[in-house]
Amino acid sequence: MKFKNTSFFLSLIGSILVIVGTHGPTITAEKINFIVGPLRLSLNISSLENFADEGTIDRRLADYFRMAGVGEAEQIRFREVLSKKLEIDPVLFSRLLRTEMGEDMLTRWGEHINIQGGRNGKYALRGAIVKSAFDDEGLTLINVLRHLPTNMQINVNQALSLAARFDSIIIATNFFREEISQLAQQEIANALPTDFSTLPDLRQPGKLPVQKNQWTLTDSQRNRTFQVYIYQPQQQQNGTYPIVIASHGLASSPEHFSDYAEHLASYGYVVAVPQHPGSDRQQLQNLKRGLSRQIFLTSEFIDRPKDISYVIDELERRNQIAMRGKLDLNKIAVIGHSFGGYTALAVAGATLEFEHLAQECPGSLNLSLLLQCSALNLDPEVYSLKDERVKAIALTNPLKSAIFGPKGLSRVSIPVYVQAGKYDPATPFVLEQVRPFPWFKSSNRYLSLQEGDTHADISELDGGLAELIDNFVYLSLPEPGLLTSYNQALILAFLQVHLRENESFRPYLQSAYAEHLSQGEEFKAFLITNDSLEGLEKAIAKFQTNHPSIKF
């Protein structure tokens, strides 16, 4: 037997590390069993301990290295992985794994890593990591293996199938990066050339100084109090200001959008950034302190869009006095990151499709489904979340494919900008941005792919995933300011054209402008428009034919 993927053996053992939690029995495991058809192979944990501590490779471990095709360089890397200490908050991490999302994740992985005899291994697996994290040696892979409460078994054929599905996502990521790059180049070739060096640089702040205010709002009908940060031009101008409302992601806060809000306000927008209690950073702190058992409340699927509508209501109420009648209430856009992308789509008219969601949830490798599938706990009724006052939406790393599906997203007909990150593990761009892009009915749609984007906020919600990425994923990442500058420029151009109806900014909404922004940079930005829709659909169909294991 020879593994197709030479790193699979390492990832198979290493995968245990990211899926376990809470205290277990004092009995410890002696070995890991590998089931290959009728054969049962075993590897003593002591073999891995000796290898981690002393670099000794005994006969059984040598056999496994040989079967897996693991060379000397990978052996050195594997030893480093076994002994590398991860600095995480064990209290927060253990509580995360007790949440509904954590239980779902453990159940999915426990289907592949079983207790000896074949039962789902989630509870045995969960017994190791916090015990490891709390002892003096800290959280290392070898320490987790030491604390496994019983012998475990892995069905190699199932594991190989799982690894193949992971490989398919990686292949898809690279495939669609190239396809989007080619589609962007085709749009550049078909358009009249623009010398962007002669045009204003939209990455730079506008001319207006900005002031920030804080409001405390209470929606008495929902018994919900939350903060809203208002960014607006400090000096009065002739005319009125269009409105942008920004929705933060899971376990995040309004501060996530401070750079974007100040940038837009300097160009004459009033930007409102509400807190979403129940799915914000405070909710994460409540989980950490034992004041809540969930990272977010299921009711947030409904409350978040209603927060946006309530903010619009409040802006209408305050316009004539507090805002001196300067708000253009006919020009309102919503931007949202991740869970905030869901929020923006809901107020734009996308409908929750529970039947589609139930079909998508089982067995998927899409990490964002851990959040999306929580909506199945809602009553499966028709929720009226659309707000007709919203005229355009801009989404960064949005999650949407399963909870809305083709039918739900087809109800979005207003202009939409979608930004995807090539390295995004939380909302994989192939599954959450590329696949759903054709489902919109808007004729004004834009898809931006940014290399190096890893979702940004994910380190805020997992008690150490950033450390995990640093140690297990060998990536070169850009400075965050570079990606922010791409988005600030493109979102500003999108809003100037589709909210302010200022056609002089139309040249910035071309593939050539994204190319200009990333000229000379290692991490590129690509932009395609509705003109590339047919080409993207053909690419999706081609890939689906060659890789049917990924659902499109």
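Helices (H or I, at least four residues) and strands (E, at least two) are DSSP runs, numbered from the N terminus. The model is predicted, so local features need pLDDT of at least 70 and side-chain atom pairs count only at pLDDT 80 or more, while totals for chains, interfaces and linings use all residues. Residues are numbered from 1 along each chain as its sequence is written, and side-chain values use heavy atoms, with hydrogens and water left out.

**View A. The loop residue N223 between β5 and β6.** N223 lies in the loop that joins β5 (210-219) and β6 (224-233). Its phi is near 50°, a positive value in a residue other than glycine. N223 has a relative accessibility of 72% and therefore counts as exposed (buried means under 20% relative accessible area, exposed over 50%, partly exposed in between, with a 1.4 Å probe and protein chains only).

**View B. The loop residue S338 between β9 and α14.** S338 sits in the loop between β9 (327-337) and α14 (339-347). Although S338 is not a glycine, its phi is positive, at about 60°. The relative accessible area of S338 is 7%, so this residue is buried.

**View C. The packing of helices α10 and α22.** Helix α10 (residues 156-190) packs against helix α22 (residues 533-546) at an angle of about 155°, and their axes are 11 Å apart. Axes are lines fitted to C-alpha atoms, for helices over the stretch in contact, and angles run from 0 to 180 degrees between N-to-C directions. The two helices, α10 and α22, are therefore roughly antiparallel to each other (angles under 35 degrees count as roughly parallel, over 145 as roughly antiparallel, 65 to 115 as roughly perpendicular and the rest as oblique). On the side of α10, the contact is made by S168, I171, A172, F175, F176, E179 and L183, and on the side of α22 by G535, L536, A539, I540, K542 and F543. Contact means heavy atoms within 4.5 Å. Of the residues in this contact of α10 with α22, nine are nonpolar, two polar and two charged (Ala, Val, Leu, Ile, Met, Phe, Trp, Tyr, Cys and Pro count as nonpolar, Asp, Glu, Lys and Arg as charged, and the others, Gly among them, as polar).

**View D. The two faces of helix α3.** In α3 (residues 59-68), the buried residues are L61, Y64, F65, M67 and A68. Seen down the axis of α3, these fall within an arc of 165°, so they line one face of the helix; the arc is that of the directions from the helix axis to the C-beta atoms. Exposed residues R59 and R66 are carried on the face of α3 turned away from its buried side.

**View E. S47 in helix α2.** S47 belongs to α2 (residues 45-54). With a relative accessible area of 4%, S47 is buried. S47 touches T56, D58 and L61, not counting residues up to four places away in sequence.

**View F. The buried residues of helix α6.** M101, G102, M105, L106, R108 and G110 are buried in α6 (residues 100-110). Their cover includes α5 (90-96), β3 (113-115), α7 (122-126) and α16 (369-372).

**View G. T529 in strand β13.** T529 is placed in β13 (residues 525-529) and is buried, with a relative accessible area of 9%. Leaving out residues up to four places away in sequence, T529 touches E187, R445, Y446 and L509.
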